[in-house]
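Please view the sequence and the structure before reading on.

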Amino acid sequence: MRTSRPPVIAEWILHRFGPMPETEAIAGDLIEQYQQGRSRWWYWREVVVAIFRGTWFEVRQDSGLLLIAIAMSWILNLAWHSVITPFENSLIDRYVFGPPGSPDIRLSTAFATFLIEAPLAIATGWTAARLARRCRIPAVFGMAGSLLVVGAWNVWKNTQIAWAADSLGRYFTFVWPFLLPIPLLTVLVLFGGGLLTGSPKRSIRT
Amino acid sequence: MADSLTNSELLVMSTVLHLNNHTYGVPIVHELERNRRRMSVATVYVVLARLEARGLVASAIGEATSERGGKAKRYFRVTAKGVRQVRTLQQTLVQLWRGVPQLQGGTS
């Protein structure tokens with residue numbers, strides 16, 4: 001019998017995103033089999049399957065609730081943008097674009113955008129989690145994923161001129177400061193939804 | 001159809017019954033593997049959760065041991081309603097298979 005611990009990161013991922021309250025029993029079964037000689041690769045594969053199977057089960061059980069939660073979070077997001085965007089633009093024009101002839105301002109713009117949109121990202125994740133308590137993890141992941149796609153699409157749409165005019169390498173050199181806030185804001189959606197802090201609550205029981 | 005059983009549901013219920021109708025995840029997975037049926041631990045639990053929601057299986061929290069990292073086992077048993085479902089399906093399958101030459105004596 002083996003005495004070493006199973007992969008720590010895989011254990012953390014299972015406890016964070018696993019199908020609670022089954023997580024305890026599943027984690028125990030995985031440790032027991034790992035101690036009996038199963039490989040690390042096997043352990044990792046089982047953790048990935050547990051998360052996907054648990055999430056898919058919840059999506060199927062509560063698909064209506066899930067869609068409502070994501071739709072409401074998007075409404076909040078769009079409402080916020082309709083109110084805050086003009087203010088945000090004037091703020092960036094005034095303080096970031098600042099004095100004429102200033103150095104490259106793309107990174108400062110990205111930083112300002114991140115600071116202004118961070119509370120919205122947290123509120124969006126929180127809303128999705130509160131509205132879909134029974135399927136919190138798929139709701140928050142769904143919201144974060146759709147924000148990621150829409151954010152990347154917006155950057156792509158607004159920088160097509162640079163894309164058309166230049167090589168791929170130069171395009172990314174130009175565009176990366178605009179892309180940078182998107183994954184950071186996505187992480188904040190997960191944070192707001194409680195997936196990165198505290199004790200996750202989910203259930204595949206009905 | 002709500003009352004029908006899928007392949008995986010029938011396999012898991014039959015395995016639980018085979019293991020004296022009182023067992024947890026690890027023996028179920030091992031028994032399935034012994035019968036050349038690979039199923040992940042999580043898949044077994046999802047199937048059991050589905051069956052429990054339909055009242056075909058019941059579960060109870062068991063003891064926590066050090067070899068499991070102090071995590072409790074969840075024991076499962078097939079309920080009377082579940083046994084009836086398996087038996088009905090068994091009778092149907094046996095009726096259908098009776099007299100089918102392709103299913104007589106051998107694996108070909």
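Arg36(B) lies in the loop between α2 and α3 of chain B, where helices (H or I, at least four residues) and strands (E, at least two) are DSSP runs numbered from the N terminus. The phi angle of Arg36(B) is near 60°, a positive value in a residue other than glycine. With a relative accessibility of 80%, Arg36(B) counts as exposed; the terms used here are buried for under 20% relative accessible area, exposed for over 50% and partly exposed in between (1.4 Å probe, protein chains only). Asn20(B) belongs to the loop between α1 (7–18) and α2 (25–34) of chain B. Its phi is likewise a positive value near 60° in a residue other than glycine, and Asn20(B) is exposed at a relative accessible area of 70%.

The model is predicted, so local features need pLDDT of at least 70 and side-chain atom pairs count only at pLDDT 80 or more, whereas totals for chains, interfaces and linings use all residues. Residues are numbered from 1 along each chain as its sequence is written, chains are lettered from A and ligands numbered from 1 in the order in which they are written, and side-chain values use heavy atoms, with hydrogens and water left out.

**The two chains**

Chain B has four helices and two strands, which follow the order α-α-α-β-β-α from the N terminus. Its C-alpha trace spans about 55 × 30 × 20 Å along the principal axes. Chain A, by contrast, has nine helices and zero strands, so that its elements read α-α-α-α-α-α-α-α-α from the N terminus on.

Of the 108 residues of chain B, 39% count as buried; of the 206 residues of chain A, 44% do. A contact means heavy atoms within 4.5 Å. In chain B, 52% of the contacts with a separation of 6 or more are between residues 24 or more positions apart. In chain A, 77% of the contacts between residues at least 6 apart in sequence join residues at least 24 apart.

Helix α1 (residues 8–17) of chain A has Ala10(A), Glu11(A), Leu14(A), Arg16(A) and Phe17(A) as buried residues. The buried residues of α1(A) pack against α2 (22–35), α3 (40–61) and α6 (136–158) of chain A.

**Aromatic pairs**

Rings of Phe, Tyr and Trp (its six-membered ring) pair if their centres lie within 6.5 Å; planes under 30 degrees apart count as stacked, over 60 as edge-to-face and the rest as tilted. By this rule there are five aromatic pairs over all chains. Two of them are set out below.

| Pair | Centre to centre | Between the planes | Arrangement |
|---|---|---|---|
| Trp12(A) and Phe17(A) | 6.3 Å | 85° | edge-to-face |
| Tyr45(B) and Phe76(B) | 5.8 Å | 70° | edge-to-face |

The pair in chain B links distant parts of the chain: Tyr45(B) is in helix α3 (residues 41–53) and Phe76(B) in strand β2 (residues 72–78), 31 residues apart. Both Tyr45(B) and Phe76(B) are buried. In chain A, Trp12(A) is partly exposed, with a relative accessible area of 44%, while Phe17(A) is buried at 12%. Ring pairs also join Trp12(A), Phe17(A) and Phe141(A) into a cluster.

**Where the chains meet**

The size of an interface is often given as the accessible area lost when the parts come together. Here buried area is the accessible area (1.4 Å probe) that two parts lose on being put together, summed over both. Chain B and chain A bury about 2,300 Å² between them, and 54% of this is on carbon and sulfur atoms. The contact takes 27 residues from chain B and 28 residues from chain A.

Between chain B and chain A there are four salt bridges, each a side-chain nitrogen of Lys or Arg within 4 Å of a carboxyl oxygen of Asp or Glu. One of them joins the side chains of Arg68(B) and Asp29(A) (2.7 Å, N to O). The elements that give two or more residues to the side of chain B that touches chain A are α2, α3 and β2 of chain B. Among these, α3(B) gives the most, with nine residues.
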